[in-house]
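Let's explore a protein model together, one question at a time. Have the sequence and the 3D view ready.

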Amino acid sequence: MSQPFLTIITMSIAFYDKLHLLGRTVGRGPIHRKETTVFELIRGNRAVLGQFRSKPGRWTVVVETALGSCPICDTNVTAKFLQFLALEDGESLLGECGSNIFLDEDQQFTPAQEQELRLLGWNNPIPPHAPNWFFEVSSAAELDYLNELTTRTLREVFGLTDTDRVYVSFHDVVVGAPSACPWGSCPSNPHRGSPSEGAGQT
């Protein structure tokens, strides 16, 4: 991961740590989720990412190929996924493709598929800061490329067609009391809910 992105993420982690020391909690805002087709997702993806990139604050957008047992906490979601982190500077956006670290064995990428991801333009995972495949955006041209990267990943690596259904959700990072999971106490998975930042969880 490039130094500018590491700097922003590291500063954010320090900020959240300070909030915890002051007795404040850091969680995520309400999760908004909708089911859509791959065709509809691809058609509007560039515009949606552009809007979140320019929004104030930090936003996470997740594209899931299947839902897990808890639609609020996103735990036990093991199918292939993409996620996007729009950072606070209004320019930086991090695209991620979930790596085998977070996928069940029957959902994991084969070595051939991982090579496809590299050839498409995804950067190799670099744990612990970047445990997923990632692509950094800091310009309009890079956002255009991430949009193409998303399209080709869904179709060529995930093997989805235009009529297949996916689930798109988004939320912002909030300071205060995080929303409780109505399904009970769920184990956290910080890299599913907060891409590559390791922060934003209680």
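Q: Where does the charged end of Lys-80 sit?
A: A charge sits over a ring if NZ of Lys or CZ of Arg is within 6 Å of the ring centre and within 35 degrees of the ring normal. The charged end of Lys-80 lies 5.1 Å from the centre of such a ring. That ring belongs to Phe-109.

Before we go on, a word on the ground rules: this is a predicted model, in which local features need pLDDT of at least 70 and side-chain atom pairs count only at pLDDT 80 or more, while totals for chains, interfaces and linings use all residues. Residues are numbered from 1 along each chain as its sequence is written, and side-chain values use heavy atoms, with hydrogens and water left out.

Q: Over which ring does the charged end of Lys-55 sit?
A: Look for a ring whose centre is 5.0 Å from the charged end of Lys-55. The ring is that of Trp-59.

Q: How many helices and strands are there in the chain?
A: Both are DSSP runs numbered from the N terminus: helices are H or I with at least four residues, strands are E with at least two. From the N terminus on, the elements run α-β-β-α-β-β-β-α-β-α-β-α. The chain has five helices and seven strands.

Q: How many residues apart in sequence are the parts that Phe-52 and Phe-170 tie together?
A: Rings of Phe, Tyr and Trp (its six-membered ring) pair if their centres lie within 6.5 Å; planes under 30 degrees apart count as stacked, over 60 as edge-to-face and the rest as tilted. Phe-52 and Phe-170 form a tilted pair, 5.0 Å centre to centre with 55 degrees between the planes. Phe-52 lies in helix H2 (residues 38-54) and Phe-170 in strand S7 (residues 165-175), so the pair ties together parts whose separation in sequence is 118 residues.

Q: Is Phe-52 buried or exposed?
A: Its relative accessible area is 8%. Phe-170, by contrast, has 28% relative accessibility and counts as partly exposed. Phe-52 is buried.

Q: Which residues form one aromatic cluster?
A: The rings of Trp-59 and Phe-170 have their centres 6.2 Å apart and their planes at 45 degrees, so this pair is tilted. The pair links strand S3 (residues 59-64), which holds Trp-59, to strand S7, which holds Phe-170, 111 residues apart. Phe-170 also pairs with Phe-52. The cluster is made of Phe-52, Trp-59 and Phe-170.

Q: How do the residues of the contact of H2 with H4 divide?
A: Contact means heavy atoms within 4.5 Å. Among the residues that meet are Leu-41, Ile-42 and Leu-49 in H2, and Leu-143, Asp-144 and Leu-154 in H4. Ala, Val, Leu, Ile, Met, Phe, Trp, Tyr, Cys and Pro count as nonpolar, Asp, Glu, Lys and Arg as charged, and the others, Gly among them, as polar. The contact divides into seven nonpolar, five polar and four charged.

Q: Where is Pro-128 found?
A: A cis peptide bond joins Pro-127 and Pro-128, with omega about 5 degrees. Ala-130 is found in the loop between helix H3 (111-120) and strand S6 (133-137), and at 0% relative accessibility Ala-130 counts as buried. Pro-128 is found in the loop between H3 and S6.

Note on methods: Buried means under 20% relative accessible area, exposed over 50%, partly exposed in between (1.4 Å probe, protein chains only).
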